[in-house]
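Hi,

Here is the model I promised to pass on. Have a look at it first, and my notes follow below.

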Amino acid sequence: MRALGHDTNRDPANAPHVVVVGGGLAGMAAALTCTDAGARVTLLEKRGRLGGLTWSFTHDGLVMDNGQHVFLRCCTAYLDFLDRIGSAGDVFLQPRLDVTVLRPRAGGQPQTAVLRRGPGRAPLHLAASLSRYSLVPPAQRALIGLAAIPLARLDLEDPALDNQTFEAWLARHFQGQEAIEALWDLICLPTVNLPAREASLAMAAKVFQTGLLTEAPAADIGWSRLPLGVLHGERGLSALRKAGATVHLGTAAEKVGSTPEGTFRIFTAAGDGGLQADAVVIALPHNLVEGVLPPEALRKGMRPSQLASSPIVNVHVHFDRQVMDLPFVAGLGTQAQWVFDRTAASGATRGQYLAVSVSAADSCAGVASEQLASETVASLGDLFPRARHAEVLGSFVTREQHATFRASPGSAVHRAPQRTLVPGLAVAGAWTSTGWPPTMESAIRSGRAAARAALVGAHQRAYMPLATGSRKPEDLSDTQEAE
Ligand SMILES: Cc1cc2nc3c(=O)[nH]c(=O)nc-3n(C[C@H](O)[C@H](O)[C@H](O)COP(=O)(O)OP(=O)(O)OC[C@H]3O[C@@H](n4cnc5c(N)ncnc54)[C@H](O)[C@@H]3O)c2cc1C
């Protein structure tokens with residue numbers, strides 16, 4: 001992207017100054033988009049590290065992530081971001097979608113089925129695999145196409161999609177409970193972070209269209225070989241510093257306001273006069289953003305804080321021996337929804353360390369961590385017979401109460417476009433209006449779009465100063481900005 005409004009190649013001191021508030025993926029992507037456009041950038045992050053909801057810590061000698069994160073091949077903005085920060089070589093991406101799904105059976109080996117990408121074009125690339133997918137009864141398997149085909153044709157721009165749940169739509173398209181649980185929810189839960197009975201049809205349709213029904217390779221699954229704190233946080237910090245950005249860790253922004261000169265002032269807890277900026281990107285979570293934004297920034301009735309949160313819980317179990325032979329499996333009818341082998345990334349010198357991810361984990365609230373851990377160890381024994389005889393060297397539970405916003409019907413109205421009603425002031429975050437569910441891809445897309453909106457707004461303010469510093473709502477097309 002070209003620098004806006006100033007010839008920064010000649011005089012960097014004249015480049016617009018952009019302050020980015022929040023150093024999660026969205027904030028880092030926004031900051032790098034601005035530095036790459038020639039702007040001077042200052043990033044403020046409340047915590048002592050970058051990476052936001054993707055972070056790592058050490059427990060009992062193992063490096064653990066707060067929660068297992070995966071991405072799909074269709075997450076092109078995320079992959080570009082990894083490339084930009086020098087992390088592209090540290091993720092693994094399946095050459096072909098290949099998911100083993102296990103359902104426990106009393107006392108014996110679990111029932112096993114595989115979802116694998118075949119050679120055909122989408123959506124036929126999954127036809128062979130689905131025809132053998134024994135976790136859905138044959139009569140219901142025969143009906144899957146009656147939902148898949150109309151799902152592929154839904155118009156994602158139709159606001160009515162956000163008025164209903166995915167499950168209600170599936171039921172109208174001949175899908176029974178077994179098919180919903182064993183197939184549709186298998187994908188909906190980890191991507192939307194809600195089951196079909198609660199997920200907005202708009203979000204589920206986006207996932208299935210983009211991931212499974214349009215391009216055959218789109219749903220190949222990828223994950224980090226490194227702790228996320230390194231993959232995103234440390235690499236992001238050095239990329240930003242190399243690009244000339246100033247990063248203030250441990251610095252919380254309290255309020256952003258417009259100045260009479262048409263610039264912005266960002267106030268922090270330091271209590272001084274704050275930072276001056278030509279443009280601002282607020283990349284804060286949905287539940288915090290309204291506290292920092294000036295009230296005139298969002299359209300009347302748009303309340304990101306009204307987006308409830310959906311939690312994710314991870315149970316980390318270190319066995320004294322290898323109990324699972326695959327890099328990951330999905331579990332059905334068990335607490336162990338998705339199980340990942342994180343031994344190599346954790347630096348473990350013995351045994352096997354599994355991270356068990358539980359999406360939409362409302363039922364874990366109020367359950368003591370010891371109980372969650374022991375139930376999970378029992379669930380792992382149901383899935384992997386070797387685990388029944390293995391010693392547990394350690395276990396740990398991580399809970400993220402605000403892992404994502406709750407993408408249920410009616411949520412779209414509170415997902416703000418990145419461009420606010422104040423020129424030069426933009427919002428970013430996985431929760432903003434990207435058309436994607438709340439994922440890393442959504443965060444990166446939002447950050448890039450917010451950076452562009454902020455820079456364009458700064459340019460407008462510099463060359464077409466407004467008396468009030470804010471545009472009238474009718475001057476703006478309130479469209480989605482993220483590409
Ligand atoms: C356990 C878990 C598992 C997940 N699994 C996946 C997955 O498999 N695939 C996937 O794509 N996505 C997954 N996600 C979602 C993904 O992590 C998020 O969508 C994404 O990281 C959000 O990034 P963000 O920058 O929008 O927000 P955040 O990461 O929340 O960043 C906001 C930043 O703002 C900072 N901040 C807050 N207040 C202030 C302030 N006043 N001043 C300055 N800074 C402030 C915060 O400290 C934080 O760093 C998962 C999330 C969790 C928690």
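Which polar backbone atom is 3.4 Å from an oxygen atom of the ligand? That atom belongs to Thr439. I'm counting a polar contact as a pair of N or O atoms within 3.5 Å; within protein, one must be able to donate a hydrogen and the other to accept it, and residues adjacent in sequence count only if both atoms are side-chain atoms. Backbone N or O atoms also come up to ligand oxygen at Val70, at 2.8 Å, and at Met440, again at 2.8 Å. On its own the ligand has 1,000 Å² of accessible area, and the protein covers 93% of that (Shrake-Rupley method, 1.4 Å probe; for residues, only the protein chains shown count as cover).

Before you go further, some housekeeping: this is a predicted model, where local features need pLDDT of at least 70 and side-chain atom pairs count only at pLDDT 80 or more, while totals for chains, interfaces and linings use all residues. Numbering runs from 1 along each chain as its sequence is written, and side-chain values use heavy atoms, with hydrogens and water left out.

Back to the ligand. It is surrounded by 33 residues (near means a heavy atom within 4 Å), and the closest are Glu45, Leu53, His69, Val70 and Met440. By type, the shell has 18 nonpolar, eleven polar and four charged residues; Ala, Val, Leu, Ile, Met, Phe, Trp, Tyr, Cys and Pro count as nonpolar, Asp, Glu, Lys and Arg as charged, and the others, Gly among them, as polar. Helix H1 (25–36), strand S2 (40–45), strand S19 (392–405) and helix H13 (440–463) each put at least two residues into the shell (DSSP runs numbered from the N terminus: helices are H or I, at least four residues; strands are E, at least two).

Thr334 sits in the loop between strand S16 (328–331) and strand S17 (338–341). Thr334 counts as buried, at 16% relative accessible area (buried is under 20%, exposed over 50%, partly exposed in between; 1.4 Å probe, protein chains only). Its side chain reaches the backbone nitrogen of Ala336 at 3.0 Å.

Then there's Ala426, in strand S20 (residues 425–427), which is buried with a relative accessible area of 0%. Setting aside neighbours within four places in sequence, its contacts include Val280, Ile282 and Ala450 (contact means heavy atoms within 4.5 Å).

Cheers
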